Amino acid sequence: MYSFEFEKPSTIADAVAALAAEDAQALGGGQTLIPTLKQRLAAPSSLVSLSGIAEMKGVCIEDDGSVAIGGATTHASVARDAAGSYPALAALAGQIGDPAVRNRGTIGGSVANNDPAACYPAGVLGSGATIVTNTRQIAADDFFQGMFTTALDEGEIITSVRFPVPQAASYQKFLQPASRFALVGVFLARFADGVRVAVTGAGEDGVFRWGEAEQALNKEFRPDALMDQRVNPVNMIGDLHGSKEYRAHLVYVMTRRAVEATM
Amino acid sequence: MPKDSGIGASSKRREDVRFLTGAGNYTDDINVRGQAYVHFLRSDIAHGRIKSIDTSAAEAMPGVVKVFTGKDFEGVGGMPCGWEVTDKHGAPMQEPPHPILAQGKVRHVGDPIAAVVADSLEQARDAAEAIDVDIEELPAVMDMKAAAQDGATLVHDDLKNNICYDWQLGEADDAKVNDVFANAAHVTTLDLVNNRLVANPMEPRVAVAEYSRATEEYTLYTTSQNPHVIRLLMCAFVLGLPEHKVRVVAPDVGGGFGTKIFHYAEEAFCTFAAKACGRPVKWTASRSEAFMSDAQGRDHVSKIELALDADNNFVGLRTNTYANLGAYLSTFSSSVPTWLHGTLMAGNYKTPVIQVNVKAMFTNTVPVDAYRGAGRPEATFQLERVVDKAARELGVDPIALRRQNFITQFPYDTPVALTYDTGNYNGTMDKLEAAADLAGFAARRAASEAKGKLRGLGINCYIEACGIAPSNIVGMLGARAGLYDAATVRVNATGSISVMVGAHSHGQGHETAFPQVVADMIGIDESMVEIVHGDTSKIPFGMGTYGSRSLAVCGSAMVKATEKVIDKAKKIAAHLLEASEADIELKDGQFSVAGTDKSVAWGDVTLTAYVPHNYPLEVEPGLEETAFYDPANFTFPAGAYACEVEVDPDTGQVSIEKFTAADDFGNIVNPMIVDGQVHGGIGQGIGQALLENCAYDENGQLLSASFMDYAMPRADDVPFYGVDHSSQTPCTHNPLGVKGCGEAGAIGSPPAVVNAVLDALNSGGKAVDHIDMPVSPSRVWAAMNG
Amino acid sequence: MTQVSMTVNGKPVSGDVEGRTLLSSFLRDHLSLTGTHVGCDTAQCGACVVHVNGEAVKSCNMLALEADGADVGTIEGQANPDGSLNLIQQAFQDHHGLQCGFCTPGMVMSAAALLKDNPRPTEAEIRKYLEGNLCRCTGYHNIVKAIMAASGQDVSSIAAE
């Protein structure tokens, strides 16, 4: 790792101030960032840890019934504390990485990083969640802007993510065997006003909504409604672990399974 | 009844206590006062000509002690290859130089270009980034068949082509082989790839070297399976140092699996630099570095043809293999595709005519050398896949076809240079059929199908040649080393024993199993015997641990040394008991005079040896004996494995539902440890079959360069394994009758897994002949929909 | 350099570290607690698992300064007060749950964290929980068996000792 200063503010305001320094970078749980630093692929002047900010931690239910999760809440906490209020999201959190990674990694860190194979982006986009930062609220549909790219500005911190709770939802993850990220992950949420399907791991531009499947399922919510639906392999990732065609096929299979799981 | 101590007992491992409490002493746990750290600047391109290296900026960086490049090693030897293979025309293999740091060209991603020694590791890394290297990129030589063509880009400019050797074993008369195939009732042909693997012991490699100006002695602590071999190679071939001034210590080593056999450039570098810098020098590989600097395994592309007569007897076998050696010859690389591979092509079968052809290729990839099984998994995979395919083509039961062709008479001279001393392949298959409940498979398949899954059963037989090996024979075959081993049994005055052994334990449990043998021979408690290993200053000599040889070879040396000790102790006992030496018997730690009640205890005899007041004048005081043991033949463990898989037809996902191994290891010293060795081998074999794939792109970039892309088997990828080793035909030529068990699982399991997947697909109406490993969901799905 | 203080295996410790110093380095290099091993650089292998405030974490993937004030447990603090192996350690020895020993500290620490939350895990739960702990020697058979045994389950029907 290159040398950097370490700061651990205890309020959002102090964190924002610290991040105003040139080349300062926020540190969530560090489960992706620290390996990146070890490879010397990033050279921040300082790392501003968000782990000491109490107001950014925890799962709570808002007045409108939505589930708000603090940006510095670990995957393990979400898996445990959202199990009653939003079981499908809790289940997703419980499938990220491994137990030790889940004890450190945070929702804010994962969403801000927007790894194309990460689980949370599918949950956030599939739920139509709202990303709350220190300055504004961003709809999930506007937030994810391609692999490792988001609507966040320099120094902007995800303070919480607010999830409307669907009638039913399911996350279906097919493991990339080495990293155990999603080779394909599909988060399907069924709201009163329609179905949302978000896919991670597969798309060359990162997480995406599968509109054709949503339309088909809105017409008729049953597995066979997807029978003739396939994503275009051209836009899928093809690599060592699976071809474009295979990923396109898995998107169908995982979506179908998500439908079955929510029937 | 299982024994509770001595040979045959599942004694609990004494070494576990330190490992379980964090008290192990691995190489990276060793720090030497004043040590500096080295970081290697490694090539990020696969093939290129070095135009210039400017280290001046790096040398001026904070904390930098010294910067080395290839120039600093001109006149110093290169990394040696320990086995000269002769090609089929009688010419020696092409043997290019392998410098410690690149000279002239870089030849694989990870090839070290320069080394920075600095006060801290991060300073060394900082300075390495300041080295200015100008490399003219050349086309990467990646595809072995293309590399063998005339006019192909050369990995080594001074060689005539990229073919290290074109080797043949077995029937040399092509016309005779052609005849066999022309007259066969059936010929089964298969093209297959044995995927390149990375051994990935959990402990990355480490080297710490120091030099004493006072004594002019070097000490190298290194993660090695064979410290004496490292000392010999480094002193004799690389650095030109007197062996008596060099101590090599391999302390606790966190797994080896072959990849820590070899003498690596980093070891020689640290030793050299410790003197050049006047400071101890430490190198700790990161895992990423391991992926591009540890010798890798397998990587064969083969065509195999099996000829059968009208009664389904195997009448001929021919193989043509391209074996990837990578960019340089690693220590034992040349022996793997040849004498450890071609010799195994008879397998368990009495095929009368066999011809094995191997072209070994240089490519712009990390060097390839022995990995658990080393050549034998490659042989077994080809043979057992083609036998399985033949059974399917002929519509016969794969077990019946194998049984029909089993060798049943021993000793058996194979057409590929080996003499199997003993075995009972039908007996072992009987054990497998019972242990794996093959009778119940149909019901299990029905249950899987009811869940929408395809279920397959895969059978595999293997034979391996272990206990490497008679020095005179391997010498004739090109080995540049003897392959005996040594042990010293030092009995202390109070009767406790230190046994200095040349084998090295890095997971195999020697510290527990070896004392079981010595204690059993004398009849004393195991706790009175301790093993000393891994330090050239404490041990007479040793060729180390690999090829499932430790107990068969080093254990035999230990038995011989113990016998010498007992013989001498009997002389002393005879004197004390005033009896004839011939009448002295040793049992349960008591020397007694046959037919009398006169006896003297082990401890009294050992004390007498060191306090020789009442002592036979013709006998030297003391009680310590050394023995070297050179094996008379290889040992031939063999077995039969069964794997049951479920395939999810929607995704191609394969899950191992049941795995059973029946092995014949001859006699067994510690069944618990033997089972553990088999489990581990199966785990790695399942890894090769389903998950692991060291892949490069066409430019020689390593695609699977970390655990993020190289899929290691995890706990939920594998089931509990059934292990049966009650089929035992003891080795006929070593004193313990042992054969070796370390590699069996890795040899026996990959074909069983792949055969099972294909059985599952075919049961579902998919006529799929073959899928290359790793049989990933993507590949299974493609095969089903191809 | 910044001072970091924490409790390790019940003992207060402190030291001067850089921002980039990893918890694993602090334990190994500053405190000479070399039982915590580093087997990879991508947070996959789990040889470095320790407990921070009672939770399993990968110490090579956490900055030492992030553990300031924390209660840290390592393999060196696992044995019983009299120095004998604790229940999990003893089960690993009894069932040959280790070979080379390199992954073992992380395995034991993960097993302890699992059994704290789930005192009687099934085979499948154990295998799933060990997703972040690689072992190259044992094929996992005896590790899973040892953890089942440590949780008081009868493992005699599981093949092979």
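This is a predicted model: local features need pLDDT of at least 70, side-chain atom pairs count only at pLDDT 80 or more; totals for chains, interfaces and linings use all residues.
Chain B has 786 residues, and its secondary structure consists of 19 helices and 28 strands. The C-alpha trace of this chain spans about 85 × 75 × 55 Å along its principal axes. Of the residues in chain B, 62% count as buried. Among contacts in chain B with a separation of 6 or more, 80% join residues 24 or more positions apart.

In soluble globular proteins, nonpolar side chains tend to be buried together. The largest nonpolar core in this model holds 404 residues. Helix H15 of chain B, residues 550-577, provides the largest share of this core, with 15 residues. Which residues touch the most other members of the core? They are Val38(B), Val116(B), Met558(B) and Val757(B). For Val38(B), leaving aside residues up to four places away in sequence, the contacts include Ala115(B), Val116(B) and Val117(B). Val38(B) also touches Phe269(B), Cys270(B) and Ala273(B), as well as Ala124(B), Val281(B) and Trp283(B).

Chains A and C meet through 22 residues of chain A and 23 residues of chain C. On the chain C side, strand S4 (55-58) and helix H3 (104-117) each supply at least two residues. S4(C) gives the most to that side, with four residues. By residue type, the side of chain C that touches chain A is made up of nine nonpolar, seven polar and seven charged residues.

Key:
Residues are numbered from 1 along each chain as its sequence is written. Chains are lettered from A and ligands numbered from 1 in the order in which they are written. Two residues are in contact if their C-beta atoms, placed from the backbone, lie within 7 Å. Ala, Val, Leu, Ile, Met, Phe, Trp, Tyr, Cys and Pro count as nonpolar, Asp, Glu, Lys and Arg as charged, and the others, Gly among them, as polar. A nonpolar core is a set of buried Ala, Val, Leu, Ile, Met, Phe, Trp, Tyr and Cys residues joined through C-beta atoms within 7 Å. A residue is buried if 20 or more other C-beta atoms lie within 10 Å of its own, exposed if 12 or fewer, and partly exposed in between; C-beta atoms are placed from the backbone. The radius of gyration is taken over C-alpha atoms; the globule rule is 2.2 Å times the number of residues to the power 0.38.
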